[in-house]
Amino acid sequence: SLTSGYLPDKASSRAFCFLSMMTLSFAHVMLRTISCALLAVTNTRWLLYYIAADMGLFFLYKIARRDFFYFPNLRGIIRLAVSVLERFSIKLMM
């Protein structure tokens, strides 16, 4: 069977692949939400450490890949502030 990247050419196989990816994404988000809720119930400080470490690693990853600045047409401190706010907001929701 021919493939184009990730997805197979057959419609049924492609639908199964999309369903599998959606299921795994949903499971990942739900488990992350449940783990944060359990951390909040047991010890709020651990939750804050977890969120700080997660955000810190995310920012370091974006900086290392030179993908940190969100709006390249802005200049100076405004560019930095908008980028931090956008990256923080998106990561907090995901």
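Which helices each supply at least two residues of the lining of the largest pocket? In this predicted model, local features require pLDDT of at least 70 and side-chain atom pairs count only at pLDDT 80 or more, while totals for chains, interfaces and linings use all residues. Residues are numbered from 1 along each chain as its sequence is written, and side-chain values use heavy atoms, with hydrogens and water left out.

The contributing elements are helix 1 (11-42), helix 2 (44-64) and helix 3 (76-93), helices being DSSP runs of H or I of at least four residues, numbered from the N terminus. Helix 1 gives the most to this lining, with four residues. The pocket holds about 210 Å³ of space. A pocket is an open set of points on a 1 Å grid over the protein atoms alone, where a 1.4 Å probe fits, with protein on both sides within 12 Å along at least five of seven lines; lining residues have an atom within 4 Å of a point. The volume is the space filled by probe spheres set on the points. Among the lining residues are R32, D54 and K91. By class, the lining comprises seven nonpolar, one polar and three charged residues, where Asp, Glu, Lys and Arg count as charged, Ala, Val, Leu, Ile, Met, Phe, Trp, Tyr, Cys and Pro as nonpolar, and the others as polar.

Four salt bridges were found in the whole structure, each defined as a side-chain nitrogen of Lys or Arg within 4 Å of a carboxyl oxygen of Asp or Glu. D54 pairs with R32, with the closest N and O atoms 2.3 Å apart. Because D54 belongs to helix 2 and R32 to helix 1, this bridge ties together parts 22 residues apart in sequence. D54 also meets K91 in a salt bridge (3.7 Å, N to O); K91 lies in helix 3, 37 residues from D54. Both K91 and D54 are buried, that is, under 20% relative accessible area with a 1.4 Å probe and protein chains only. A further bridge joins K62 and D67 at 2.9 Å between the closest N and O atoms. Shared partners join R32, D54 and K91 into one network.

Three aromatic pairs are present, for which ring centres of Phe, Tyr or Trp (its six-membered ring) lie within 6.5 Å; planes under 30 degrees apart are stacked, over 60 edge-to-face and the rest tilted. The F58 and F59 rings, with centres 6.1 Å apart and planes at 45°, are therefore tilted. For F59 and F68, the centres are 5.6 Å apart and the planes at 75°, so the pair is edge-to-face. Ring pairs link F58, F59, F68 and F69 into a cluster.

Note on methods
Buried < 20%, exposed > 50% of the residue type's maximum accessible area, 1.4 Å probe, protein only.
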